[in-house]
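Dear colleague,

Please find below the structure that I am handing over to you. My notes on what was found in it follow directly after.

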Amino acid sequence: MFLVVLSLLLAASSAPETTPLPVRIDGPAVIALRLDKSERGNEEPWSRTVLDYRVDLGAADEDGWRTALWRLNAIDGQAMTPDTSPTPDLRFVVDEALAPSRLENLDEILERLENRSDEGDGAIVEAMRGLSPEAAGALFASDATLVARGQGTDLYLGEDYVYEQQGLLPFGGTPVVMTGVYRLESLDPQTQTARVTWSMQIDPKALMTAIPAMIRGMIQASGEWKSDDAEMMAKVERMIASARLENTRQCSFVVSTVTGLAEKVDCTTRVAFSVGSESRVRESRLLATQTLMK
């Protein structure tokens, strides 16, 4: 009996443990953030923009929420001030991993954009006035969300953590299942860093179900939709049969095991859509660095 109990205890003590990487930054704090963004369509030359931000973090409340003020300091090396910057300050409420939850100063941003926009942009500004803070956060925080994606993980070393979430394709249609995969690739005690990877792709079966609604939405948006036209409906069915869509995103993060901050971020996104002989490809890459200043 003693040997049995001892073997059970030894087995329990040798079980693998997760490696939590929480953000350990007491506010107020300042982060220097650089976003090196490139994109291209259909194998065309890459267009590139480098943005330098100052991110001011407030102190976390008892639930872990805090404010993060993003201020654009430079574009492609050219210094910006709050008066000359084309982008107003963005004030987010962020969670414990510094992932944005909502945008707090939408009215201020829209007023700034309205004063600087032409007549055509005014309609876009008006359309955004009814956004909730959460919806506005999703709209304005795509970069902030991606940078924070590798922070706050709690993973087994060398093992995949797979999860699912729902999302919508362009032109609406039924929600599709998106499959995400996290993996703690390595730990380096000398540099006090961890390498975390993350990827997201659409479930193929769900994609084939959603494509018909997306194609009908595209045709409706073009003004050519005629549901009582037999020739039109036959064309739609042919398009559906030949349609193919690929939507993948992959990221790699070098995370400080001291602060929990993703010091280096490398993310690539590829969206490829083809119908018959026509195809479109959109690729983008985000290289980001974060440095804790104080």
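The largest nonpolar core has 57 residues, and among these Leu-35, Trp-70 and Phe-253 touch the most other members. As general background, nonpolar side chains tend to be buried together in soluble globular proteins. Please bear in mind throughout that this is a predicted model.

Leu-35 deserves a separate note. Leaving aside residues up to four places away in sequence, Leu-35 touches Thr-49, Val-50, Leu-51, Tyr-53, Trp-70, Asp-143, Val-147, Leu-286, Leu-287 and Ala-288.

With regard to the chain as a whole, its secondary structure comprises seven helices and 14 strands. The chain has 294 residues, of which 36% count as buried. Among contacts with a separation of 6 or more, 57% are between residues 24 or more positions apart. The accessible surface of the chain is about 17200 Å², and carbon and sulfur atoms account for 52% of that surface.

I turn next to the cysteines. The count of disulfides comes to one, and the link joins Cys-251 to Cys-267, with a distance of 2.1 Å from S to S. Cys-251 belongs to strand S12 (residues 244–256) and Cys-267 to strand S13 (residues 262–275), so the pair ties together parts that are 16 residues apart in sequence. The link of Cys-251 and Cys-267 is right-handed, with 120° about the S-S bond. Are the two cysteines buried or exposed? Cys-251 counts as buried because its relative accessibility is 3%, which is under the cut-off of 20%. Cys-267 likewise counts as buried, at 2% relative accessibility.

The structure holds one cavity of 30 Å³ or more, and about 110 Å³ of space lies in the largest cavity. Its lining consists of 13 residues, of which Val-55, Trp-70, Leu-98, Ala-144 and Gln-290 are the closest to the centre. Which elements each supply at least two residues of this lining? They are strand S3 (47–57), strand S4 (66–75) and helix H5 (142–148). H5 gives the largest share, with three residues.

With kind regards

Notes:
Residues are numbered from 1 along each chain as its sequence is written. This is a predicted model: local features need pLDDT of at least 70, side-chain atom pairs count only at pLDDT 80 or more; totals for chains, interfaces and linings use all residues. Side-chain values use heavy atoms; hydrogens and water are left out. A nonpolar core is a set of buried Ala, Val, Leu, Ile, Met, Phe, Trp, Tyr and Cys residues joined through side-chain atoms within 4.5 Å. Buried means under 20% relative accessible area, exposed over 50%, partly exposed in between (1.4 Å probe, protein chains only). Contact means heavy atoms within 4.5 Å. A disulfide is a pair of cysteine sulfur atoms within 2.5 Å. Helices (H or I, at least four residues) and strands (E, at least two) are DSSP runs, numbered from the N terminus. Accessible areas come from the Shrake-Rupley method with a 1.4 Å probe; for residues, only the protein chains shown count as cover. On a 1 Å grid over the protein atoms alone, a cavity is a set of points where a 1.4 Å probe fits but cannot get out, and a pocket is an open set with protein on both sides within 12 Å along at least five of seven lines; lining residues have an atom within 4 Å of a point. Grid points are joined across faces, edges and corners, and a volume is the space filled by probe spheres set on the points.
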